[in-house]
Amino acid sequence: MLTDRTRLHIALQKSGRLSDASRELLRDAGFRIQSGKNSLTARVENYPAELMFVRDDDIPTFVSDGACEFGIVGQNVLEEFALGQADLGYDLLAELGFGRCSLKIAAPEATPYDGPQSLEGQRIATSYPRILARFLERNGIDATIVTMNGAVELAPRLQIASFLCDLVSTGATLEANGLRALDTVLESQAVLIRTRRPMDDVRADIAAGLMSRIDGVLATKESKYIMLNASSESLKRITDLLPGAEAPTIVPLHGRPGHFAVHAVCQESVFWETLQKLKLAGASAILVVPIEKMML
Ligand code: ATP
Ligand code: MG
C-alpha cells in the first residue's frame with residue numbers, strides 16, 4: 001500500500017522565475033498536477049509523488065536533509081549553498097535548460113574597468129557572498145564584500161558599494177539603473193537535484209521511474225526522428241552524416257531494388273545545412289519529425 005511516507009517529495013519554487021517552467025517540465029513528463037497556485041503542496045494524481053512549494057533558497061537544504069527527495073533550483077542558489085557546506089547532501093542529476101541567467105559584476109556606467117584587478121580594494125555588494133569570494137580569490141583580488149538580501153542594484157546610489165555582483169538575464173534592470181555589466185562570475189540555469197539520503201527499495205524504484213521520465217523529456221527536446229531514402233551506393237556516406245544517430249534502421253524499399261529507407265533518432269539538432277549535405281550525398285524524400293516521448 002502507498003502511504004504518505006512512500007510518496008516522493010519534490011521541492012519546487014512556490015512563485016517566481018522558476019515556478020512555471022518547473023511545473024511544465026513535470027507535466028511534460030506525464031505527471032498530472034492538481035492546479036491551484038496558492039496551496040503549499042500538490043499531489044501528483046497519477047504518480048506517488050507530492051510537490052512542496054517553497055522559497056527557492058530553502059530547496060538545497062530540504063533536499064540535503066532528505067525532507068524532499070528531489071528539488072529544482074537555480075545553480076546560483078545551489079552553488080552559494082554548497083560553498084557553505086562541509087559535505088554535500090545532494091547529487092546534481094540534470095541541467096534543465098530554463099532559468100538561464102548569469103551572475104555578473106556591474107557598476108555605474110562611468111566606472112572604469114580593465115578586468116578583475118579593477119576590483120582591488122573596492123566594496124562590492126551582492127546576495128551571493130560565497131560565490132563572489134571564490135571569484136575574487138581565484139583572481140587574487142582583495143576586496144570587501146557587502147552582503148545584501150535584495151535591491152543590490154541600489155548599492156552604488158546609496159554609496160554602500162561602488163560595484164555589485166548580481167543576476168542578469170537580459171540586462172534591462174541594470175540598464176534601467178544606469179549600470180553596466182563588466183564581468184561574468186557564474187553562468188546559471190535550473191537544475192534537478194536528488195538527496196544523498198538512502199531510500200528504501202520501494203521509493204528508490206519510484207525515484208528511478210521519475211528520473212527516467214524526466215530524462216526522456218530532456219532528451220526529446222533536442223532529438224529529432226529523421227527518415228530518408230537512399231541507394232545502396234550512398235548509404236555509408238549518408239549514415240555518416242546523421243548527427244548523433246546510433247545504429248540507424250535500414251529497410252529495403254518495396255519495388256525499388258538497391259534502394260533503402262533510413263530511419264534514425266538524431267540526438268542533436270538537425271540543421272538545414274545537414275539536410276543539404278544529405279541531399280548532395282544522394283538522399284531523397286528527407287523527413288525530420290519531432291519526437292513526443294522517449295524512454296531510453
Ligand atoms: P523566492 O521567493 O523563491 O526566494 P527569489 O526572489 O529568490 O524567489 P526569483 O527572482 O524568482 O527568486 O528567481 C529565481 C531564480 O531564477 C534565480 O535564483 C535564478 O536562478 C533564476 N533567474 C533567471 N533569470 C533571472 C534574473 N534575470 N534575475 C534573477 N534570477 C533569475
Ligand atoms: Mg529566493
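**Domains, cores and a metal site**

The C-alpha centres of domain 2 and domain 3 lie 50 Å apart. This is a predicted model, so keep that in mind as you look. The chain is divided into three parts: domain 1 (8-97 + 190-220), domain 2 (101-188) and domain 3 (223-290). Domain 1 is written as two stretches, 8-97 and 190-220.

Start inside the protein. In soluble globular proteins, nonpolar side chains tend to be buried together. Here the largest nonpolar core has 31 residues. Within this core, Ile105, Leu119, Ile124, Leu136 and Phe163 touch the most other members. Several elements each supply at least two residues of the core. The helices are H2 (59-65), H3 (75-82) and H4 (129-138). The strands are E6 (101-108), E9 (163-168), E10 (179-188) and E11 (190-195). The core draws at least three residues from domain 1 (8-97 + 190-220), and at least three from domain 2 (101-188).

Now pick out Leu119. Leaving aside residues up to four places away in sequence, Leu119 touches Ile105, Tyr113, Ile124, Phe135, Leu136, Ile141, Asp142, Ala143 and Phe163.

Next, find Thr144. Thr144 sits in strand E8, which covers residues 144-147. Is Thr144 buried, partly exposed or exposed? Its relative accessibility is 39%, so Thr144 counts as partly exposed. The limits are under 20% for buried and over 50% for exposed. Thr144 touches Gln122, Arg123 and Ile124, again not counting residues up to four places away in sequence. Then look across to Leu296. Thr144 and Leu296 are 152 residues apart in sequence. In space, they are 49 Å apart, C-alpha to C-alpha.

Move on to the metal. Which residues coordinate the magnesium ion (ligand 2)? Asp56 (OD) and Asp57 (OD) do, at 2.1 Å. These two residues fall in separate accessibility classes. Asp56 has 18% relative accessibility, so Asp56 counts as buried. Asp57 has 43%, so Asp57 counts as partly exposed.

Finish with the record. UniProt, in an unreviewed entry, places the feature "domain: Histidine biosynthesis HisG C-terminal" at residues 221-293. The end C-alpha atoms of residues 221-293 lie 10 Å apart. This span is 25% helix and 37% strand.

Definitions and conventions. Residues numbered from 1 in each chain as written. Chains lettered and ligands numbered in written order. Predicted model: local features only at pLDDT ≥ 70, side-chain atom pairs only at ≥ 80, totals over all residues. Heavy atoms only, no water. Core = buried A, V, L, I, M, F, W, Y, C linked by side-chain atoms within 4.5 Å. Buried < 20%, exposed > 50% of the residue type's maximum accessible area, 1.4 Å probe, protein only. Helix = DSSP H or I, 4+ residues; strand = E, 2+ residues; numbered from the N terminus. Domains from an automatic or database assignment. Contact = heavy atoms within 4.5 Å. Donors = N, O, S within 2.8 Å, 3.2 Å for Na, K, Ca; no water. UniProt positions renumbered as here; feature names shortened; annotations may be inferred.
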